[in-house]
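Q: I have a new model open and I'd like to learn how to read it. Could you take me through it feature by feature?

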Amino acid sequence: MMEEREDSETKPLHQDAGGSHVRRINPKKGILEMMLRPIRWLRMLSEELHWSFVLGVVIVYGISQGFGVGLSRVSTQYYMKDEQKVQPSQAQVLIGIIHFPWIVKPLWGLLTDIVPILGYRRRPYFIFAGFLGVISMLILSLHKNLHLGFALLSLVAGSAGIAIADVAIDACVTQHAISHTYLAGDMQSLCGMSSSIGALLGFSLSGFFVHLVGAKGVFGLLAIPASLVVLVGILLRESQVRNFAYRRVKEKIVDASKAMWTTLKCRDVWRSCLYMYLSLALGLHIHEGMFYWYTDAKEGPSFSQEVVGSIFSFGAVGSLFGVLLYQNFLKNHPFRDILFWAQLLHGVSGLLDLVLVLRINLKLGMPDYFFVVVDETVSRMIGRIKWMPFLVLSSKLCPSGIEGTFFALIMSIDHIGLLSSAWSGGLVLHMLNVTRTQFDNLWIAIVIRSLLRLIPIGFLFLIPRSDPNLSILPSEMLRTKRGNDVLEPENIEMATLVNSI
């Protein structure tokens, strides 16, 4: 009786019009539950997947990629525009070259999966990636009048450091996706959320730092996220591979290549990869042309560094909203249904840039900054919703034993699509004579881009129409191999600093 009384006091009953008893919901408790939900979600992931995995994702995705890339994007654009004095079409091509290390991700994946260093498969690669990033960023920051070729080489090296660390953490993600299929969407949401929050902070501070210390000074600050990647390699505890036969490395590479080829021949795998490439390649990247227009004093709104950084920070907020929408409402829907609406909205949202460039927003009484913020937020949100199913689908296409390598292969296909988009966008800007000071034909490039974004809808039949919570590959490809040559998911954890010493 006492328990019933206490329960009735905490959750009082009242009668509705029909006379039935209904629980009243305490508004304060509802708000508290909403605030505690993310904490409970992280606790659930930590209990299911181990806290070290969650921490590793936050460091690599949130700090190195999210925050670091948020700072580097704005600084690189101003570095190319103000320090190197390149044209928009040239900057478009150079940005594509900077991302070349992401195309050869299968190479990094093969090395981390097959070639241990001093008996470890992950730690040495994290340490190498971190030092590579630190050295390249310091060169860009401290060297005066650096030639464009050497500057490009340093930027490529920094990008390689991020890519290698990304492959190492992706291997952990795909291993857990195989052993915990029902949490695949949650894991990708964690990755996307960490990246989005980090990017929000990075973009929010990027314009301020570029104005305060210049683009080269920001490169010096970027050595800090790279150094944290080194720390991950130091703290990472993994079982040591003993008596590894390095003479069999060639044989293992051949075996891994055969396994990847066998997997690629699966109908659902190659069709999914083809769609992902087409969807990204037909996006037509013209961001550099828009950036030069943003900062132009005559034709454009002449935004300052702080304003540009704040615009990108709102884009990060939109990206985070996209992750939250996918996590809470879309992750259980079939891939094909989500991609149809995301691709359609992706094409339509591109026309917002047309309204801006033609100055229609001013005729409607909407200031440039307000309209650009809305444009960036909506575009990034839709882009993230479109990207999340790709990540979940990619993790489900990876066979056991070469998870990191094959996931890297799929991601490299995606980055080839992004490179194709960047270079084709640079070609379009060049053909339309969009330069540092000439933007008369920029609106034509925007129209072409928006139309091309709609074409992938016609290829949605390539995507499997299956439950996203179920496995796609045959069961024999998902069997976990045992032995010294395979790293089990449970062997990966972050050691405390005391234990590592």
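Predicted model: local features only at pLDDT ≥ 70, side-chain atom pairs only at ≥ 80, totals over all residues.

Q: How many helices and strands does the chain have?
A: Helices (H or I, at least four residues) and strands (E, at least two) are DSSP runs, numbered from the N terminus. Here you get 21 helices and four strands.

Q: How do I read burial, and what share of the chain counts as buried?
A: Buried means under 20% relative accessible area, exposed over 50%, and partly exposed in between (1.4 Å probe, protein chains only). Of the 501 residues, 52% count as buried.

Q: Take D414: is it buried or exposed?
A: D414 counts as buried because its relative accessibility is 0%. This residue lies in helix α19 (residues 403–431). Contact means heavy atoms within 4.5 Å, and D414 is in contact with M276, L280 and W387, leaving aside neighbours within four places in sequence.

Q: And where does F340 lie?
A: F340 is in helix α15 (residues 335–349). It counts as partly exposed because its relative accessibility is 31%. Not counting residues up to four places away in sequence, F340 touches I457 and L460. The C-alpha atoms of F340 and F459 are 9.9 Å apart, though 119 residues separate the two along the chain.

Q: How many aromatic pairs does a search of the whole structure find?
A: Rings of Phe, Tyr and Trp (its six-membered ring) pair if their centres lie within 6.5 Å; planes under 30 degrees apart count as stacked, over 60 as edge-to-face and the rest as tilted. The search finds twelve such pairs. Take Y79 and F219: their ring centres are 5.4 Å apart and their planes at 80°, so this pair is edge-to-face. Y79 belongs to helix α3 (residues 51–83) and F219 to helix α9 (residues 184–221), so the pair ties together parts 140 residues apart in sequence. Both Y79 and F219 are buried.

Q: Which residues form an aromatic cluster?
A: W293, Y294, F303 and Y369 form one.

Q: What sits over the ring of F312?
A: A charge sits over a ring if NZ of Lys or CZ of Arg is within 6 Å of the ring centre and within 35 degrees of the ring normal. Over F312 you'll find the charged end of R73, 4.1 Å from the ring centre.

Conventions
Residues numbered from 1 in each chain as written. Heavy atoms only, no water.
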